[in-house]
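Hello,

Here is the structure I said I would pass on. My notes on a few of its residues follow below it.

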Amino acid sequence: MPALSQGLEFITYTNTASVAVVYPLYTSTQGTLVYESIKAKGDGYFGSSDGLHTVMYTYDSEFVGTVTMQATLATAPAESDWFDIDNTTVVRTENSPSYDSINVTVMSDYRNFTGNFVWVRGYVAIESGQVESIFLNH
C-alpha cells in the first residue's frame, strides 16, 4: 500500500541520508552540484491504475538551481533507465522573484503528475541556497 506522504532522502556530501540538500559553503567554487534522491516506490510498483502523484518542493529564498522529478519503468533500474517527468521542473535563477521583502524565508512549489512509474526520485542541481525537502504523495 502506498504511503500518504514521504520525504525523499538524499545522500549528501556528508554521506548521510537527509531530506534537505544544502549547497556546502566550503565548496562554493565548485559550481553546480547535482544530487539524486534515493529511489522511492511509485504507483506502478503497487499496481495502482490511476498513476496520480503530487510532489511538493520546499526551498529557501536563496535557492538557485533546478528541481525536478525523474522516473523509471524498470524494476531494477540502471542509471540509463531514468527520465525526467514532464511538467515537474522548477527552475530558480538569481533573477527569480524573492519574497524576502515580506520576511518569507522558505518557499514551496507543487506539481501533479500522472504515470504508472515503478520508481521515482528527486533530482536537484544546486548552485546556491538550500532545498529543504521534497515530499511525494501518491
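Phe135 counts as partly exposed, because its relative accessibility is 32% and that class runs between the limits of 20% for buried and 50% for exposed. Please keep in mind that this is a predicted model. Phe135 sits in strand β13, which covers residues 130-137.

Next, Asp60. This residue belongs to strand β7, made up of residues 52-60. Asp60 is buried, yet it has no salt bridge. What the side chain of Asp60 does reach is the backbone nitrogen of Phe63, at 2.9 Å. Apart from neighbours within four places in sequence, Asp60 is in contact with Thr105, Val106 and Met107, and also with Gly129, Gln130 and Glu132.

Last, Pro77. Its place is the loop that runs between β8 (64-72) and β9 (83-84). If residues up to four places away in sequence are not counted, Pro77 touches Lys39, Thr72, Trp82 and Trp119. Pro77 and Val118 are 41 residues apart along the chain, and 9.5 Å separates their C-alpha atoms.

Regards

Technical notes. Residues numbered from 1 in each chain as written. Predicted model: local features only at pLDDT ≥ 70, side-chain atom pairs only at ≥ 80, totals over all residues. Heavy atoms only, no water. Helix = DSSP H or I, 4+ residues; strand = E, 2+ residues; numbered from the N terminus. Buried < 20%, exposed > 50% of the residue type's maximum accessible area, 1.4 Å probe, protein only. Lys, Arg positive; Asp, Glu negative; His and termini not counted. Salt bridge = Lys/Arg side-chain N within 4 Å of Asp/Glu carboxyl O. Polar contact = N/O pair within 3.5 Å; in protein donor to acceptor, adjacent residues only side chain to side chain. Contact = heavy atoms within 4.5 Å.
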